Amino acid sequence: MVPMTLLMILTALIPLMLQAMIARGAFNQTQLDAKGIEIQNQCVILSNRLMRSGYMTSDKGNTMELDAQMQTIGDIYNGRIVIVNSSYKIIKDTFNLSVGKYYISEEVIRCLNGETSSRMNREMGYLAQTIPIHDAADEKKVTGAIVVTASTENISSLMDRVYGSTQLFLLCMAVVIIVFSMAAVHFVVRPFKRLLASLERVSYGDLDADITEDAYSETSQLSLAVQKSLRRLKAVDQSRQEFVSNVSHELKTPITSIRVLADSLMSMEEVPVELYREFMADISDEVDRENQIISDLLTLVKMDKSAQSQMNIIQVNINEELELILKRLRPIAKRSNVELIFESIREVTADVDRVKFSLAVTNLVENAVKYNVDSGWVRVTLDADHKYFYIRVADSGIGIPQDCIDHIFERFFRVDKARSREVGGTGLGLAITKNVIQMHHGIIDAESAPGEGTTFSVRIPLNYVPRQEEKS
């Protein structure tokens, strides 16, 4: 609030002060120019009278009137008038100090050559004006020069009064601007303060606090952004709670099955060997399922850590890697009577973590095999451009309902729970796959329709570049 108030005050005061300085300077220059023009006009009149009266010749006639006029002009302007003849000799001085002496200066020399000059001496506070006196018989001939020095003390006094008035005006305006700026900032900041108070309630754990603030478009956009973030936080919190619940349930289910099977064996006397073996096989299957769940959970925990510390990036021939993955999965596909097809548009080499990349693609292809139909097919397609490589895993399987597409990458989510348990799924495979793709700075998407199969599309950059947050 304080910086904003200072900014508003300076924004208003600085132009005002600059304008006042410019106005004072312009007024001072106007006064000086006006006085210079006025003195020049008086000198021109005086020069004409001196020329007509023959003042500069030996026959001066009656010069008392002209002397009195010069004395009056000098008194009016609080200055001095000096008449210099063509020999640079002073013949008249209203101060009576230099009569008979010689006056040689650049201004006088130029004046005797017919030039008029004006000079302002700001340090000494006077204005000097030179006007040539022409010959009455020949106006082109210069017979002398009038040198007038006039004091600018009255202009300085006037400027002092103007300066004082300006300072008083600036002081009054400064007070008004300060009061107005503080009031304006108070009203401007008030909606942000209300929004901050709401955010403080959120920081104490009240995620349902009303943070709507529509005073300005900025506060409205900010509150909407925060509300969106809060909805995501609540969704994440709910997801974590569901995850804990699902983990507890998934880990408890095999143990419960094992306990039931074991209790059944212990409650029966003289158990046949065949039944005993059947029960022990079921217990072994449940143990394997429990182990698979724990292994997948550990994989997810490791991938939730810093991607940079977990990634072992090397250049890999993606074509060869996909062929190797499909070779390992063909026995599983053969048991399910599913045909695996690999199509490569071009040879692709990219920077990937071979182990994690293999795990992600294996999950996709294995799921496509498990949830397929009898005599079905799974087609893996590889393509690339100058920046990314693309993998498509399409199948002729049972498909995924549209209301489930947005949830298939969630942990422990199953479209068909009964079939997932039958084929041994844990509900974590696609979550692991998405995590791996994101660690490679890629994206994964799915398209499906019930009874028409499913297609997973993966896009990964050819060159792995660590992001800023991963470097820190």
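**Close-up 1. V185 sits in helix α4, which spans residues 153–203.** Helices here are DSSP runs of H or I with at least four residues, and strands are runs of E with at least two, numbered from the N terminus. This is a predicted model, in which local features need pLDDT of at least 70, side-chain atom pairs count only at pLDDT 80 or more, and totals for chains, interfaces and linings use all residues. Residues are numbered from 1 along each chain as its sequence is written, and side-chain values use heavy atoms, leaving out hydrogens and water. V185 counts as buried because its relative accessibility is 0%; buried means under 20% relative accessible area, exposed over 50%, and partly exposed in between (1.4 Å probe, protein chains only). The C-alpha atom of V185 lies 6.2 Å from that of T5, although 180 residues separate the two along the chain.

**Close-up 2. Meet the largest nonpolar core, with 42 residues.** Such a core is a set of buried Ala, Val, Leu, Ile, Met, Phe, Trp, Tyr and Cys residues joined through side-chain atoms within 4.5 Å. I318, L322, F357, V365, F389 and I391 have the most contacts inside this core. Helix α9 (residues 354–370) gives the most to it, with 7 residues.

**Close-up 3. Here are the neighbours of V365.** Leaving out residues up to four places away in sequence, V365 touches L326, L329, L340, V378, V380 and V393; contact means heavy atoms within 4.5 Å.

**Close-up 4. Another core, of 18 residues, lies apart from the largest one.** Its members include M56, I81, I83 and L127.
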